[in-house]
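Come along and follow my entries.

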Amino acid sequence: LAKQPGNLTDLTGAGAQEWDEKIQSMHQDAIADAQTKHFVVQNASMTQTPATVDWDGVPVRAQTCLKSRSKAMRLSDWTTGIGDRGRAVCHEEYMEWRTVHDASGKITRVEITTEVQEYWIAMARHSPTKLLSLVARFAGEQSAPFQQVYGNVNPNGAGVTPAAREQGFRSMMLPPPNTRNPPRSPYNNGQKAICFLYQNVNALEAAVVLAAFAGFPHAAAVGNTGQLRPLTGAEAIASTNQNALDCRNSDPTIVGAIIGQAFNGRQVALDDPAGIYITNVDAARLLRPDNQTEAPEEWFNLQRGSASADGKQRFQRLVFEVPADLPFVVGDLVDSQTSETIDFGWQVAQLIKVGLYVRIGGNVPGSIPTPVALQPVANCAEQPGCSLFRQAFNIMEPPPPPPLAESESERPTRRASRIPEASIE
Amino acid sequence: MSDNLQEGIYFRHGERPGNCWRLLMLNVADNTTPKGARAAIDKVWAMLTRLRQGIVDDLNPAQPRPDDPSPVTVPSGNLTCLIGYGARLFSSSAHPLPLIRNVPRPRFLTAFRTVGTNTPFRSLNWAQPEDRQHQDTDIVIQFIADTELAVNRAIVEVSKLIAEQGLPLRIVTFFAGFNRDDRRSWIDFHDGVNTMTPDQRQVVIELLNDTDAPWLLGGTFLAFLRCEADLSAWRGLPREQQEFMVGRDKLTGCPLVSVTTLADGTQIGEKMAGCPMTGTIPSPPPQGYIDPVTPADPLLRASHIHRANVNRTADPREPSANRVYRQGYEFLECRADGRLALGLNFVSFQFDPKRVTDILNRAPEWLGPVNFGGNPPSARVLSLLAGGYYAVPPKGEPFPGAGLFD
């Protein structure tokens, strides 16, 4: 059976079996659609320690499109009465977070997840009691009412099928279809908790499909030397058939890494257990309010994973907070690289690298690098998708009304008069 | 693509940097007004502009004798000058009378930490306090020229001008470096093998599309790391171990692409097929020589060349690529007690200094866990004598960054 993300064991019996089938079918469908020979299901010949393909978890497109890190930080933390709207718009790098504030508005905790929605859906179908317990734990509550997780489906009701549980779970814990809104449930829209990656673009299947379509030995000519080099991720997205979006941190990184191995004629596979993992936390970057003492690693509580036999950790959740017995909170800490206090979840999220573990296998018979006619790569700051970030930002912080035209502003104030100034239209 | 980058960054097609390098560190005197600082830098920059044309002020007096030749010029040595500004310039503790009033400090322009463990980087740490040469400064001016005279003369002329005109500037120190024609470093391996195209370099260097620091648009950041190499520690390692740490064959520079383990457990690094068998970098070099694909073997993935460039097939502009444009110069000097200090003045230009930090701090695949290369714990070869990040505004009149002092 396929291992469960993070080497977890939340699924047993039929649930574990279904997870295995899900992983198999996800791969088979992606490989068949892409018709790749280089991206494969992990096999017994892949014995070496997996390589890490990782990237910054902060949504770089928001920063690029808004042309401002400070605006991107504000938008990424945007919350309204319906939940974490900034997350729904911005968090697209296989990492989502929520921030918790105290009464004064200071951040007291940042919770980060890379858990994939497919796994939670499988749990919702087969392990509802365990799932509800987990949800309650994430929210710091004794229990979570099933209505806020499963809607009008009682998951433990007599005769309730896995399909019905999934339907109810989706209606609450995933965004309403065809919207960029957060889920209805406060347990996954940031109001009470954050459980897993709710954005569809952050699904495990999206990563598998992305990797499969990258599994080709795409090459570009090196000047007039007669030599070839592997396409970069950005070039491949612009010039070949990819299921990826350029200008993110994640997509071009994954695409480029897979193409690099295919260029060498190698097979590549996602390491089992397939998942999105926290690969690095730059804990030492944060300083206590004295601006000298580093925040200890213990304040970064990594969860939902354990190491595989290769020694690499597979954590999928991080809760960052200052111990309650200390006289300061997260919002009082200082980023040593910028001298900023921590005012946004982004500033903690930027310490995190997330990624995939990939196995590099044997040679694909007959594989030779294939030259591709290069198309211009995207201009990231002007890509069409930028409009979404700009629209969202303008809703969050409406721009001030345009200044009066010079002729109007210079017009002297008129005296009160009996003469009507203008007609009503 | 426009190009308003200051001279002194040799990224353009066909450009080759001169052999001699200096980095002059300056502070603005206490209680100087922004207007006073601006006027002082303006005078320095104007003098350097004349010097680049071979005009030395003392040889071209304002009141010449009737029979004096004019102008008197000296060989300029193709001198280039580049000015950058450090975090100290923006600091209220360094300048209680603020020098910069209307412009925010770029967020990642901060002074290197000197206190705490594992500073300033996770595994590239400061040298012993008695050997350190580090000081934060307001201003750096980089000089590059073909001759020692040209770069030294630039420093002397700055010093003369400050003294003669009582400018509110103070020379803190300067660092020297030289180019090597063997394209190797003090540890004998080839250095600077992996290069980008001029277009890629500009993408990596030039800051664009950032409204948080509009005064820097079209400019860049300079990263300076004066890294001392511990030759004794390095030479204590057998050649095979050195090669695994670097990721290349010591003599030819060929990348190692696989590892063979013999019956007795000895590991042998295998060079790429068709690798040239000379000690010089071939021209043009084979593509796999310049930019070897990430190897399957984790021992090779842990080598310096792969740790410094993990996401090899990411486009250079992508944040995950962490690419920087390097333009380093070696150094050699003798300490007061007779010990040699030698190493590399690592100088790089990038639109985001965080990239340098990321390369050096990131774990587990990047250089964060190790001092130079290999699997931790590996030999410590490098320590830092001095360093810093500096904002390098685009070309401008009367001098780059003049608007900072408005």
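Rings of Phe, Tyr and Trp count as a pair if their centres lie within 6.5 Å. With that in hand, I looked for linked rings and found A:Trp120, A:Phe138, A:Tyr150, A:Phe169 and A:Phe196 joined by ring pairs into a cluster. I note that this is a predicted model.

Entry on ring pairs. I counted 21 aromatic pairs over all chains. One of them is A:Trp299 with A:Phe328, a tilted pair with 6.1 Å centre to centre and 55° between the planes. A:Trp299 sits in the loop between β8 and β9 of chain A and A:Phe328 in the loop between β10 and β11, so the pair ties together parts 29 residues apart in sequence. Are these two buried or exposed? I found both A:Trp299 and A:Phe328 buried.

Next I looked up B:Phe112 and B:Trp126, whose ring centres are 6.4 Å apart with the planes at 55°, so this pair is tilted. Both residues lie in the loop between β2 and β3 of chain B, 14 residues apart. B:Phe112 counts as buried at 8% relative accessibility, and B:Trp126 counts as buried at 9%.

Entry on the interface. How many residues does each chain bring to the contact? I noted 40 from chain B and 60 from chain A. Together the two chains bury about 3800 Å², with 43% of it on carbon and sulfur atoms. I counted six salt bridges between them. Among them is B:Lys354 with A:Asp56, where the closest N and O atoms are 3.7 Å apart. On the side of chain B that touches chain A, α9(B) gives the largest share, four residues. By class, that side has 14 nonpolar, 11 polar and 15 charged residues.

Definitions and conventions. Residues numbered from 1 in each chain as written. Chains lettered and ligands numbered in written order. Predicted model: local features only at pLDDT ≥ 70, side-chain atom pairs only at ≥ 80, totals over all residues. Heavy atoms only, no water. Contact = heavy atoms within 4.5 Å. Buried area = accessible area lost by both parts, 1.4 Å probe. Salt bridge = Lys/Arg side-chain N within 4 Å of Asp/Glu carboxyl O. Helix = DSSP H or I, 4+ residues; strand = E, 2+ residues; numbered from the N terminus. Nonpolar A, V, L, I, M, F, W, Y, C, P; charged D, E, K, R; others polar. Phe/Tyr/Trp six-rings, centres within 6.5 Å; stacked < 30°, edge-to-face > 60°. Buried < 20%, exposed > 50% of the residue type's maximum accessible area, 1.4 Å probe, protein only.
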